[in-house]
Amino acid sequence: MLRSVWLLIFCFFMSSVIADEKVAVDKMETLAPLPTHWQQSHMKEPIFGGLVHVIETGNRHKQTIILVHGLGYSGLRDWLDVIPSLESEYHIVALDLPGFGESDSTSLQLAPQRYAELLKWLIPQFSKQKVIIIGHSMGGAISLRFTSSFPEMVDKLIMVDTAGVLHRTAFVRHMTQMPDRYAFLAKYQEHFNFVDSAVNKFNRFVNRVSGSVLRKLDKMPDPTLVLMNNPLAQKYAYKDRPTLNAAIGLINEDFSTALHQFLTPTHIIWGEYDRVAPLRTGELLQYHLDNAQLHVVKNAGHVPMKDKTEDFLQKLSIALRHTPKKAKKYVTEYNGQTADLHCNKQEDIVYSGVYSSVYINNCRYVTLNKLSARNLIIENSEVTLDEVNITSDVVAMDIKNSFVTMTNVSLSGTTALRVEASTVDIAGAKLVSSNDTIEAKADSIIYLSVSEKVQNGYQQFLHGISKGNHFYLQ
């Protein structure tokens, strides 16, 4: 019964992806026609063993741009609003990924690494020089994997609303969350503030319930692993279901090593209100890639090239013409001369700056942004941390009976993190310790996305779930 519930939740997740990317439900639906001056070909490829549909346009004497689409049967047609603005100045190559568009279907597992191998074979057919690669959503994840695996083939990477970098539960949780407030209520807020407040409280209640359901589901066996590791199961489950196939491959990909070895100049373009891949992912990528810049398209969703075409093309032009401008990281540390910070029974408040000790108790929707301290204690609270540095000579961070989300956080102590009866969502963190890096007990669950630990100088990447009573991640 519980496994059936898990599968229902996953199917809801998949339907949300499909709806948000405006893909066809039926693969046989008529696809939009392509411009007649584009050259089309169907090439026999060796990775999946089928025919891959490729289009080519633009000036062959100019630098080549490779366009990689996201989930959706429309395939390369997702770029129809973009290619006309590029083909006069660049040599454009776009493909329907196997399983999508006019390329052959397959029952083989579709995953970023295998798609990256396809690009390695395909690109030399069209360019002998380094290329610019632009990927959207799943295509962004494929482009990231390809560039990390074959950096000698890429001059510049541009990722658009990349999906699949966060641990899958963090990814799905974002999709199922309702917003705190709706933009359409803003104009009524001055006279009807109680409506906005009521909607806000209701949505937050729903989010707590959905988060609780996901936590319970994550304590059960993972049905996707059966498909990932069983070719026979794939043959039947993936038949005529390429979106399901590719989505399972995507959410089980681990980019931890890739992010820590990445030097290619990178631009990251993101829709401000992406309901599929959170802007948090774009901020994480900018923070951890050594040569990356984030560009946010205002009032756009997961497909900014369709939502705000002109604004997107402006950001894309900047990305193509300029080297990335790396944002400065917040690196201030506790200096031994600052006061303590106490938050008690507060809501909707943001704290920044340098403190000695930080103690948060019975507080909701508290944000710590660009904050440094000697130690941090969170109890009975819901807290978000972004670019927080804790350097301690004991336990750096102690969490009890709380829900905590961390992005781009550095924790250093004898034990970096101690968690009790809590749920913690960690992304892009560095945890440094001399003893146990993470101590989790009393029915805690910790989601780890593209993070790392350093214990007595030994480095290990962390991407997965730590769960169970008195579980020690060493």
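**View 1. The largest nonpolar core of this predicted model**. This core has 52 residues; a nonpolar core is a set of buried Ala, Val, Leu, Ile, Met, Phe, Trp, Tyr and Cys residues joined through side-chain atoms within 4.5 Å. Buried means under 20% relative accessible area, exposed over 50% and partly exposed in between, with a 1.4 Å probe and protein chains only. Phe100, Leu119, Met138, Leu144, Phe146 and Leu285 have the most contacts inside the core. Another core, of 36 residues, lies apart from it and includes Val388, Met406, Leu411 and Leu462.

**View 2. Surroundings of Phe146**. Leaving out residues up to four places away in sequence, Phe146 touches Ala116, Leu119, Lys120, Ile123, Ile133, Met153 and Val154 (contact: heavy atoms within 4.5 Å).

**View 3. The open sheet of eight strands**. The order is E1-E2-E4-E3-E5-E6-E7-E8, with mixed pairing. Strands (E, at least two residues) and helices (H or I, at least four) are DSSP runs numbered from the N terminus, and two strands pair if DSSP finds at least two bridges between them. Strand E1 (39–44) and strand E8 (292–297) are the edge strands, each pairing on one side only. E1 and strand E2 (residues 51–58) run antiparallel and are joined by six bridges; Gln40 stands opposite Ile55 in E2.

**View 4. Ser107 in its loop**. Ser107 lies between strand E4 (91–95) and helix H3 (112–122). Ser107 counts as partly exposed because its relative accessibility is 33%. The C-alpha atoms of Ser107 and Asp240 are separated by 8.4 Å, although the two residues are 133 residues apart along the chain.

**Notes.** Residues are numbered from 1 along each chain as its sequence is written, and side-chain values use heavy atoms, leaving out hydrogens and water. In this predicted model, local features need pLDDT of at least 70 and side-chain atom pairs count only at pLDDT 80 or more, while totals for chains, interfaces and linings use all residues.
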